[in-house]
Structure formats: C-alpha cells, structure tokens
There are 2 protein chains.
Amino acid sequence: MTPTITAFERSPDRGQGLARDMRVRWALEEVGQPYEVRLVSFRAMKEPAHRALHPFGQIPTYEEGDLALFESGAIVLHIAQRHAGLLPDDANARARAIAWMFASLNTVEPPIIELQTARLLEGDKPWSEQRLPLVLDRIRVRLGELSTRLGDADWLDGAFSAGDLMMIGVLRRLRPSGLLDEYPDLAAYVARGEARPAFKRAFDAQLAVFTSGTPAG
Amino acid sequence: MTPTITAFERSPDRGQGLARDMRVRWALEEVGQPYEVRLVSFRAMKEPAHRALHPFGQIPTYEEGDLALFESGAIVLHIAQRHAGLLPDDANARARAIAWMFASLNTVEPPIIELQTARLLEGDKPWSEQRLPLVLDRIRVRLGELSTRLGDADWLDGAFSAGDLMMIGVLRRLRPSGLLDEYPDLAAYVARGEARPAFKRAFDAQLAVFTSGTPAG
C-alpha cells in the first residue's frame, strides 16, 4: 500500500528542504518505499479536514490504509520500524538510535526553533538585536556538546540510522544562520547525510514542488 | 535486571516533580518495574563520567545491563515497548500513541521550555516584561489545539498510554505559570493522570529525594 504524506503547497524556505516533510521523504527514500504527496496550503492546514489528521495544523502527515499519523518523529520511527535500513537489528543499538531521534527533537531542535521564532516573529521587536546573541549562544551549547560526542565518527552511534537522519534534518535548519559553519565537524556530518543518494532523491522531490509552482491541495 | 535511573540530587522545583526523571519514574511504576536511582549534582552532571551516559549533561539516564539510554522520551518508549500497560496491542493504535509522545516533546513542550527560559535566563533583561505575553500566547495556541482534540475524552486516543503520560508530564511544567487553569478540560486531564496510583508512587519517590535532603551522587 502506497502511503500518502502531506507537504507545504508553497515551500516557505523556497525549496531548501528545511520543512519537516523532508525528514519523512528522506526516510521513505532510504528504505525504498514509494509514496505520494498531497500538497496543502497554509489556509487549508488550519481547517478541520487537515486538523483531523494533524491536531496542530501542521505538515507532514502520513496516511497508509487505516493508519493516519502526524509528527515527523513518529512517522520516521514508524517507517524505520517497518522496513530494514534505518535501525540496527541489535535491540540495544536500536534503542540508542531511537534515543538520538528524541535527542534531535527534544534537546537540539527546541533552541533552533527559538532562533526561528526570534527572527520570524520577533525580528521587528525593540529587543531583537540585543536578545539574538543569547539565543545563538544557547544553540552553541548544544552544538558543542554534540560535536564532542560525535568526535571522529561518521555517525552518532555506529552505522547511519534514523537517529542521524533526524539529527541532520534538525541541524540543516541552522544552514541559513551560518551557525553550523562554526562547527566544521558538524558541517561535515550534515554534508555526509546530504551526500546519501536517498537524501538527494528526497531533496529533489521537495524542490520540484517549489520550482514547478503548480498550486494544489 | 533492575534498571538504574539518574535524577537531580537537589530538585530545582523543590519536589514538585517537574523534572524529566518524573516521567521515567511514572512509566516504571505504571508497568510495575522496580528501579534504582542514582542522584547527581549539577556539577557532576556536566562532568565526563555523566556525559558518557548523557552527551548533553542532563538527567534522566537509564542503565540496564549493557544498555545505557538518555532522553526521557526514548527511555519511556523503551519501557513501554518491553512491558505491557503503556502501549496498545493494535499496531495502528500503538503508532498513534507514539505519535502523541513525539507531539508532547516536539510540538507542545518547546514553547513551554521557552517560557522557562524567558523566566529563568531572561527574567532580568529589559525586554522581559514586554516579551512574556508573546511567549504565553504561543503556548496558548498549542493548548487550545490540544483542548480541541481532547474534546470530551479522558485520554488522547482511547485508553491511557505512554502518549498521555508524556503529554501530562509536559503540561505539568505549566503548573507554576497558572496557564493550565485557563483550560479547565486540560487541567482536568492532567488531574486524571495525577490521580493514577502509579503517578502517586512516582511523585512520592521523587519528593522523598527533596524532603530527605541527603546529599548523594
């Protein structure tokens, strides 16, 4: 059964692949699962029909037969649990890979979301310029810790896993800030993820939505 | 094998059970799994020995034989997957319960963390008073959406699950702000969670750390 995901009708990042559908597309490409995409407008995202799928009126969602899921973390985990290629077979290594998924979403991403909020929603406020360095420093704390843990390894815990996919998806959101360049090892880690054929296929697919410019949803 | 978790040696919330070890304790109590606790000081949390367990120098961690995990979401999921009682048997319902875990941690908790940051780390800044209403309003958006989805139900998706445990753990962090009282249905939802015998046992255990006042770790 071919799953259907949702993505922005008009990509707010102009096709840089920073929205959360990119993580789900990447996971589906890694495991070789074809999928369909339904594009939704910002207006439609907040309406009851979409909120029935996603209570918080966001993308992506995932529909597969009787199953409807929301939250990119949950969708990627669902895909990773049902296909080979994104989680190790060993039970302990599997639990650790899942821990990196949660760390990406609950420890590393929140200060990055704060930066986006500071820029997009508070960029015109009188405190914006003075406050921004504090927000950036809070991200630097996490990046420094992540860099220390990564060390000389290619991936966070053994082979590439859904934990890396999620962490790289989160770190890519820093690209516009230039902050990632302060940590060459993390920039190289992200580049390793982006060099994967599955990443490239997913990236091209989300870019096509932006460049084709065809309204849908 | 009895797992060992870590918790704050000195609870910064003075025993209100708002730290993330509470979520893990609660999960362990729900499934009836005894556990041991190693208390760590703020200083020790940032040292290499603890960072080997938790790269970001936080609590809780979870050790069980050869397995070491960090991130409360990952630990609760691990417990829920290995014992009955926190996830439905039906595969789709199980995936949806896990989606609520991710929604708690990646959609509902980030603005709540932002409020704590605004108060604890920026409370003395010149912009604090003017900015706080914006932060509160961003939380209200999520609470309104959550309240709409919950409707008249007792729990988020059928029977009580790890998704509810995590969401209630996240919402409890709002208790000091009074914000939860603006949503009586969510306050009642949290109260239903707190009324569970397993919650009470977990709460008493974390409170005992604070009231005993014995230094450790």
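This tour goes from the domains of chain A to a helix pair, then on to chain B and its sheet.

Before you start, note that this is a predicted model, in which local features need pLDDT of at least 70 and side-chain atom pairs count only at pLDDT 80 or more, while totals for chains, interfaces and linings use all residues. Residues are numbered from 1 along each chain as its sequence is written, and chains are lettered from A and ligands numbered from 1 in the order in which they are written.

**Stop 1: the domains of chain A**

Select residues 4-85 together with 198-212 of chain A for domain 1, then 91-196 for domain 2; such bounds come from an automatic or database domain assignment. The C-alpha centres of domain 1 and domain 2 of chain A are 20 Å apart. Each of the two domains gives 13 residues to their contact, where residues touch if their C-beta atoms, placed from the backbone, lie within 7 Å. On the domain 1 side, α1 (21-31), α4 (72-82) and α9 (197-212) of chain A each supply at least two residues. Colour α1(A) to see the largest share of that side, five residues. (Helices are DSSP runs of H or I with at least four residues, strands are runs of E with at least two, and both are numbered from the N terminus.)

**Stop 2: a helix pair**

Now select α7 (residues 162-171) and α8 (residues 184-194) of chain A, which pack at an angle of about 115° with axes 10 Å apart. Axes here are lines fitted to C-alpha atoms, for helices over the stretch in contact, and angles run from 0 to 180 degrees between N-to-C directions. Show the side chains of A:D164, A:I168 and A:L171 in α7(A), which meet A:L186, A:Y189, A:V190 and A:G193 in α8(A).

**Stop 3: where the chains touch**

Bring both chains into view: the contact takes 34 residues from chain B and 34 residues from chain A. In chain B, β4 (67-70), α4 (72-82), α5 (91-120) and α6 (128-150) each supply at least two residues of the side that touches chain A. Highlight α5(B), the source of the largest share, 14 residues.

**Stop 4: the sheet of chain B**

Finish with the open sheet of chain B, whose four strands follow the order β2-β1-β3-β4 with mixed pairing. Strands pair if DSSP finds at least two bridges between them. At the edges, β2 (36-40) and β4 of chain B each pair on one side only. Zoom in on β1 (residues 4-8) of chain B, which runs parallel to β2(B) and is joined to it by five bridges. There, B:I5 stands opposite B:V37 in β2(B).
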